[in-house]
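Here is a short briefing on one protein chain. Please look over the sequence and the fold before reading on.

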Amino acid sequence: MKYLSLFVFLAIANCVFAQTPRKVIQLYTGAAPGSENWTWNETYKYNNNLKEQIVINVSHPTLTVFPADPVIQATGTSVIICPGGGFTHLSIDNEGNYLAEWLSKKGITCFVLKYRLEHSDSSKDNKTSKIEYLPVVPLAIEDGKNAIAYLRAHAAEFHLKTDRIGIIGFSAGGTIAVTAASEYNDQNRPDFVAAIYPYLPSALQKPALENAPPLFIAAASDDRLNSDNQNVILYNKWLKAKDSVEIHIYKKGGHGFGMRKQNISTDTWADRFSDWMEELGLYKPITDEKTDAQKFKEGMAGLTKAYEDRLHNDWAWLKRFADDNSKVPPPAPGEKRIVFLGNSITENWINQDPAFFKGRYINRGIGGQTTPQMLVRFREDVINLKPTVVIIEAGTNDIAENTGPSKLENVAGNIFSMAELAKANHIKVILSSVLPASAFPWHPGINPTPSIIKLNKMLSDYAKANNLGYIDYYSSVVDENKAFKKELTNDGFVHPNLAGYKIMEPLAEKAINEALSKK
């Protein structure tokens with residue numbers, strides 16, 4: 001029951017869970033037709049101008065599967081997601097993975113398409129001044145059509161309905177999606193289509209067909225790539241053909257807003273898309289019979305209520321360790337007690353490597369917590385245990401806005417207040433850096449990298465100025481893109497796996513030994 005309650009808490013708090021590697025489907029058997037001689041391999045890289053992860057040099061198209069949340073009653077609806085990038089790269093997170101994560105939580109099975117791209121090292125002789133005339137464009141369009149045909153042929157394997165297969169595209173991906181809705185056969189006809197700020201110059205536009213699939217369009221008025229009103233023209237084509245169409249043109253948002261949070265009206269476009277899908281009946285369950293996961297969800301209603309009660313009556317979760325704390329005796333003479341205070345990174349540590357904590361350290365990590373919650377429980381979970389040293393690991397969830405937006409100065413201030421409380425009670429303090437993260441899957445649209453770097457600088461400077469210990473976990477696990485090294489995480493973004501903790505452990509012990517040696 002203890003672990004089940006924890007599961008409910010983490011699920012509702014939108015914390016990240018360890019994920020098994022996602023299934024990747026090769027769209028073609030062998031080389032893709034038309035690019036048989038391509039020898040380059042796709043590469044992930046961080047684009048400093050876009051401030052996001054992108055993919056380049058795709059030569060073997062794939063579909064990455066994001067299964068519908070099993071707790072949601074099965075809809076059988078699927079969406080192929082085509083990220084944009086001018087056919088030279090893919091905005092794989094902002095216009096792909098983040099939307100897939102979001103829709104999968106609503107019961108939609110998503111497939112992020114990596115379609116063929118121009119080779120990034122191509123010579124200028126092979127390039128043209130206009131995107132629409134790039135040789136790769138018709139190949140990428142074929143990839144979109146073949147993705148639809150693949151899902152229709154393999155619908156049973158993924159528990160999909162063959163009449164609920166849709167496609168959504170951003171920018172260049174919108175070219176693929178709209179073309180799929182404009183020229184098709186029985187196998188590759190999409191059942192619904194969405195175009196988000198699609199790139200549709202006249203050379204790529206097709207007439208609307210009679211009885212074309214329902215179309216959803218979203219874009220911004222200040223989109224520099226839509227100066228000739230491509231979106232409105234597309235809308236009017238569908239309207240003239242008496243096909244189902246809906247359009248949302250926002251005042252501002254530019255080109256490429258995707259799932260990025262900007263605190264403007266474009267932040268809600270995905271909600272409008274979801275409303276449109278619901279009106280089309282795409283959220284209707286396949287059957288009235290509830291899945292085992294649905295029954296499980298309903299069976300946890302009591303635990304959900306318990307969480308809600310705690311949220312209102314024990315916001316900082318003071319009761320979480322109340323029983324454990326009551327059983328901790330006063331320190332024995334000469335005992336050097338160490339308390340680790342933190343969030344899920346600290347909490348998961350004892351589960352990943354219990355031997356590290358056995359008989360030596362006290363773990364007081366609670367998943368999902370922010371610094372104000374930890375500050376409230378600092379006396380109960382640290383001071384009252386009378387440790388010699390406390391290691392404070394905090395800040396990730398503040399940047400992720402788990403308890404709402406907060407200024408970095410306030411986040412740092414909460415950590416400084418914990419340090420000052422500890423010093424006032426003769427407890428040596430070790431601050432630890434926030435671990436790197438390229439994104440927060442439970443809160444898409446936030447780019448945490450600059451905030452993490454800035455907060456770590458604030459913590460390091462404070463520790464130095466006040467003669468406190470400081471552990472730089474960040475530098476030991478960050479990759480060249482300022483993200484957490486994938487091989488050291490269990491979710492690909494934030495949480496260390498055992499290998500990650502094995503790197504962190506000697507750093508922690510070194511800091512502890514240095515703190516204990518100080519008078």
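Predicted model: local features only at pLDDT ≥ 70, side-chain atom pairs only at ≥ 80, totals over all residues.

The protein chain holds 18 helices and 16 strands. Of its 519 residues, 55% are buried. Among contacts with a separation of 6 or more, 75% link residues 24 or more positions apart.

- Eight strands form an open sheet with mixed pairing, in the order 1-4-7-5-8-9-10-11.
- Strand 1 (24-26) and strand 11 are the edges; each has a single partner strand, so one side of each lacks a neighbour in the sheet.
- On average, neighbouring strands of this sheet are turned by 20° against each other, direction ignored.
- Strand 1 and strand 4 (residues 62-66) run antiparallel and are joined by three bridges.
- Ile25 has Leu63 of strand 4 as its bridge partner.
- Helix 3 (residues 137-153) packs on the sheet. Helix 3 touches strand 1, strand 4, strand 5, strand 7 (109-114) and strand 8. The direction of helix 3 makes about 155° with that of strand 8.

**Helix 6**

- Which residues of helix 6 (residues 269-279) are buried? They are Trp269, Ala270, Phe273, Ser274, Trp276 and Met277.
- Several elements cover the buried residues of helix 6, including helix 2 (93-104) and strand 5 (78-82). Strand 8 (165-170), strand 9 (192-196), strand 10 (215-220) and strand 11 (245-250) are also among the elements that cover them.

**Asn414 in helix 15**

- Asn414 lies in helix 15 (residues 408-424).
- Is Asn414 buried or exposed? Asn414 counts as buried because its relative accessibility is 18%, and the cut-off for buried is under 20%.
- Leaving aside residues up to four places away in sequence, Asn414 touches Thr371, Pro372 and Leu375.

**The largest pocket**

- The largest pocket contains about 1,200 Å³ of space.
- Its lining has 48 residues; Gln53, Asp93, Ser438, Lys486 and Phe493 are the closest to the centre.
- Which element gives the largest share of the lining of the largest pocket? Helix 2 does, with five residues.
- At least two residues of the pocket lining come from each of strand 2 (43-47), strand 3 (52-56), strand 4, helix 2, strand 7 and helix 14 (396-399).

**Cavities**

- How many cavities of 30 Å³ or more does a search of the whole structure find? The search finds two.
- The largest cavity has a volume of about 60 Å³.
- Its lining includes Phe340, Leu341, Ile345, Thr346 and Trp349. Ile391, Glu393, Ser432, Tyr473 and Met504 also line the largest cavity.
- Strand 12 (338-342) and helix 10 (344-352) are the elements that give two or more residues to this lining.
- Helix 10 gives the most, with three residues.

Technical notes:
Residues numbered from 1 in each chain as written. Heavy atoms only, no water. Buried < 20%, exposed > 50% of the residue type's maximum accessible area, 1.4 Å probe, protein only. Helix = DSSP H or I, 4+ residues; strand = E, 2+ residues; numbered from the N terminus. Contact = heavy atoms within 4.5 Å. Pairing = 2+ DSSP bridges. Axes fitted to C-alpha atoms, helices over the stretch in contact; angles between N-to-C directions. 1 Å grid on protein atoms, 1.4 Å probe; cavity = no way out; pocket = protein on both sides within 12 Å on 5 of 7 lines; lining within 4 Å. Points joined across faces, edges and corners; volume = space filled by probe spheres on them.
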